[in-house]
Amino acid sequence: MFFNIPTLLTWARIVAIPLIVGVFYLEGVGTAQQNLIATVLFVVFAATDWADGYLARKLNQTSAFGAFLDPVADKFLVCACVLVLVHLGRADVFVALIIIGREIAISSLREWMAIIGATKSVAVHMVGKLKTAVQMTAIPFLLFDGHVLGFIDTHLWGTWLIWISAVLTVWSMVYYLQKALPDIRARSR
């Protein structure tokens, strides 16, 4: 199951990272075009997150490797884009530290909970899904960094959304830590 269709879609999210970053180093391309290309790439590749899960279930091609790679690809894509946004001055470094720090902390927590056999206490929850949805909306808004339909300021909306996602990021981290705390206490003696 290393190279089935759903897993290839997941790999595509990882391959997309240098493409999205590279857009901002293209010579002879204006900033507006770079923004549009990066936004379209992000949206297309972010959509593979839904597609890979759907196809894995539909084609009966679920695998332990796919279940591992899917969240890793999501985290790589989000973290890389947040770093690009910080570099471009479109996101605050504090937001990046919150988002990336949470991903490291919760990934480590989930790994440790798996080792002690308590993965159910840190299973994906609605607050985590909401955090991801807000991040996946904020990032293309900030990548685009312009006006849509002449009046929707994507930078303004993206800035608000990335800060909301930072709050949701902290909230979800606290939630997962609280859920894991009883198992941590019971097994750390």
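Reader: What span should the 23 residues of helix α4 (residues 93–115) have, and how far apart are its end C-alpha atoms?

Author: Start with the terms: helices (H or I, at least four residues) and strands (E, at least two) are DSSP runs, numbered from the N terminus. The expected span of a helix is 1.5 Å times one less than its number of residues. For α4 this gives 33 Å, and the end C-alpha atoms are 33 Å apart, which agrees.
This is a predicted model, in which local features need pLDDT of at least 70 and side-chain atom pairs count only at pLDDT 80 or more, while totals for chains, interfaces and linings use all residues. Residues are numbered from 1 along each chain as its sequence is written, and side-chain values use heavy atoms, with hydrogens and water left out.

Reader: Which residues in α4 are buried?

Author: The word is a matter of relative accessible area: buried is under 20%, exposed is over 50%, and partly exposed is in between (1.4 Å probe, protein chains only). The buried residues in α4 are Val95, Ala96, Ile98, Ile99, Arg102, Glu103, Ile106, Leu109 and Met113.

Reader: Which residue caps the N-terminal end of α4?

Author: Here you need polar contacts: pairs of N or O atoms within 3.5 Å, where within protein one must be able to donate a hydrogen and the other to accept it, and residues adjacent in sequence count only if both atoms are side-chain atoms. Aspartate 92 is the cap, with a side-chain oxygen 2.7 Å from the backbone nitrogen of phenylalanine 94. After α4 comes glycine 117, with a positive phi near 75°.
Another polar contact, of 2.7 Å, is between the side chains of asparagine 4 and threonine 7. Asparagine 4 is in the segment before α1 and is buried, at 9% relative accessible area.

Reader: How many salt bridges does a search of the whole structure find?

Author: A salt bridge needs a side-chain nitrogen of Lys or Arg within 4 Å of a carboxyl oxygen of Asp or Glu. The search finds 8. In one of them, arginine 13 and aspartate 74 have their closest N and O atoms 2.8 Å apart. Arginine 13 lies in helix α1 (residues 5–23) and aspartate 74 in helix α3, so the pair ties together parts that are 61 residues apart in sequence.

Reader: Are arginine 13 and aspartate 74 buried or exposed?

Author: Arginine 13 is buried at 0% relative accessibility, and aspartate 74 is buried at 15%.
Glutamate 103 has a relative accessible area of 6% and is buried.

Reader: Where in the chain are arginine 90 and aspartate 145?

Author: First, their side chains meet in a salt bridge of 3.5 Å, N to O. Arginine 90 is in the loop between α3 and α4, and aspartate 145 is in the loop between α5 and β1 (147–148), 55 residues apart. Arginine 90 is buried, at 9%, whereas aspartate 145 is partly exposed, at 29%.
Salt bridges can also share partners, and in this way Arg13, Asp49, Asp52, Asp70 and Asp74 join into one network.

Reader: What is phi of aspartate 145?

Author: Phi of aspartate 145 is near 50°, a positive value in a residue other than glycine. Asparagine 60 also has a positive phi, near 55°; this residue lies in the loop between α2 and α3 and is exposed at 63% relative accessibility.

Reader: How many aromatic pairs are there?

Author: A pair of aromatic rings is described by the distance of the centres and the angle of the planes. Rings of Phe, Tyr and Trp (its six-membered ring) pair if their centres lie within 6.5 Å; planes under 30 degrees apart are stacked, over 60 edge-to-face, and the rest tilted. The count is 5. Tryptophan 50 and tyrosine 54 form a stacked pair, 5.2 Å centre to centre with 10° between the planes. They are 4 residues apart in helix α2 (residues 31–58), about one helical turn. Tryptophan 50 is exposed at 60%, and tyrosine 54 is partly exposed at 37%. Elsewhere, Trp11, Phe65 and Phe68 form one aromatic cluster.

Reader: Which ring does the charged end of arginine 110 sit over?

Author: A charge sits over a ring if NZ of Lys or CZ of Arg is within 6 Å of the ring centre and within 35 degrees of the ring normal. For arginine 110 the ring is that of tyrosine 176, with the charged end 4.7 Å from its centre.
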